[in-house]
Amino acid sequence: MNARDFVAAIAVAALSACSSSTGPSYNPDIPAAWATAVTNPYFPLPPGTVWRYRSDTPDGLETTITEVLSTTRTINRVVATAVHDQVLLDGALIEDTEDWYAQDPEGNVWYLGENTREYEDGQVVSTAGSWEWGVNGALPGIIMWADPAAHVGEEYRQEFARGEAEDFGKVVALDQSVTVPHGGFTGCLKTEDWNGLEPAVREYKYYCPVVGTVLESNLQGEDRVELTDVTAP
């Protein structure tokens, strides 16, 4: 290892120590009451809505289908909205996940857990990343603020299951314009997201009013996951 690589390794290690499971304790201010539906304009979840995304990857065409289910899941006595997410590579299923969200009375959307499975040749090969609030010390986090403008530049946890699920987010820009195959959008919110277990890997996400997530990319604007279609209930 040369001197430059050694310095880079020290920097990454320091960042990991600050941002991962070795970092400061996490004590979210859990709401005492919850809304009956997720209606945040940047993260709306009407049951029956389906979003479709595509991404051209070195391995082939990746397609993501996200559907808000009509069924719910009760987590720590909170009735959570269930979202089914499937990822296909050239038509073959590679990931199948159910995520759970709930909104507090102020309009903040909380992430309460997920059950995820990775597939190879039709067989489950991993469930890494699965977690649920209240199981093995896991805690919920904010996936979308009621007022993102009040949190620009602020780092926040989106989920917390020590050593398993430690995603962070940060609002980096407002009033963004975005063009994807589904169309052009204005007034969008831009966040920077990363995993505290791998803090060097970061991405941008764009959320647009009424529609929700329309684009994900790396910090160079490449590796784009673009919205191609939305089907309303």
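**View 1. Nine aromatic pairs occur in the structure.** Rings of Phe, Tyr and Trp (its six-membered ring) pair if their centres lie within 6.5 Å; planes under 30 degrees apart are stacked, over 60 edge-to-face, and the rest tilted. This is a predicted model: local features need pLDDT of at least 70, side-chain atom pairs count only at pLDDT 80 or more, and totals for chains, interfaces and linings use all residues. Residues are numbered from 1 along each chain as its sequence is written, and side-chain values use heavy atoms, leaving out hydrogens and water.

**View 2. Confidence in the model.** The pLDDT is the predictor's confidence in each residue, from 0 to 100. The protein averages 91, and 90% of the residues score at least 70. Residues 1-23 have a pLDDT below 50. Beyond near neighbours in sequence, this stretch has 25 contacts in the model (heavy atoms within 4.5 Å). Where pLDDT is low, the predicted coordinates should not be read in detail.

View 3. W34 lies in the loop between α1 (3-19) and β1 (50-57), and W110 in strand β5 (residues 109-120), so the pair ties together parts that are 76 residues apart in sequence. Helices (H or I, at least four residues) and strands (E, at least two) are DSSP runs, numbered from the N terminus. W34 is partly exposed, at 21% relative accessibility. W110 is buried, at 6%. Here buried means under 20% relative accessible area, exposed over 50%, and partly exposed in between (1.4 Å probe, protein chains only).

**View 4. W145 and Y156 form another edge-to-face pair.** Their centres are 5.4 Å apart, with 75° between the planes. W145 sits in the loop between β8 (139-144) and β9 (155-157), and Y156 in strand β9. The pair ties together parts that are eleven residues apart in sequence. W145 is buried at 12% relative accessibility. Y156 is buried at 7%.

**View 5. Ring cluster and charges over rings.** Ring pairs link F43, Y101, Y111, W131 and Y207 into a cluster. R73 lies over the face of W100, 4.4 Å from the ring centre. R157 lies over the face of Y26, at 5.4 Å from the ring centre. A charge sits over a ring if NZ of Lys or CZ of Arg is within 6 Å of the ring centre and within 35 degrees of the ring normal.

View 6. With 105° about the S-S bond, the link is right-handed. C188 is in strand β12 (residues 183-195) and C208 in strand β13 (residues 198-208), 20 residues apart. Both C188 and C208 are buried.

**View 7. D229 and R52 form a salt bridge.** The count comes to eight salt bridges (a side-chain nitrogen of Lys or Arg within 4 Å of a carboxyl oxygen of Asp or Glu). The closest N and O atoms of D229 and R52 are 3.4 Å apart. D229 is in strand β15 (residues 225-231) and R52 in strand β1, 177 residues apart. D229 is partly exposed at 28% relative accessible area, and R52 is partly exposed at 33%.

**View 8. D193, E203 and K205 are linked in a network of salt bridges.** K205 and E203 have their closest N and O atoms 3.8 Å apart. K205 is buried at 17% relative accessibility, whereas E203 is partly exposed at 27%.

Definitions and conventions:
Disulfide = S-S within 2.5 Å.
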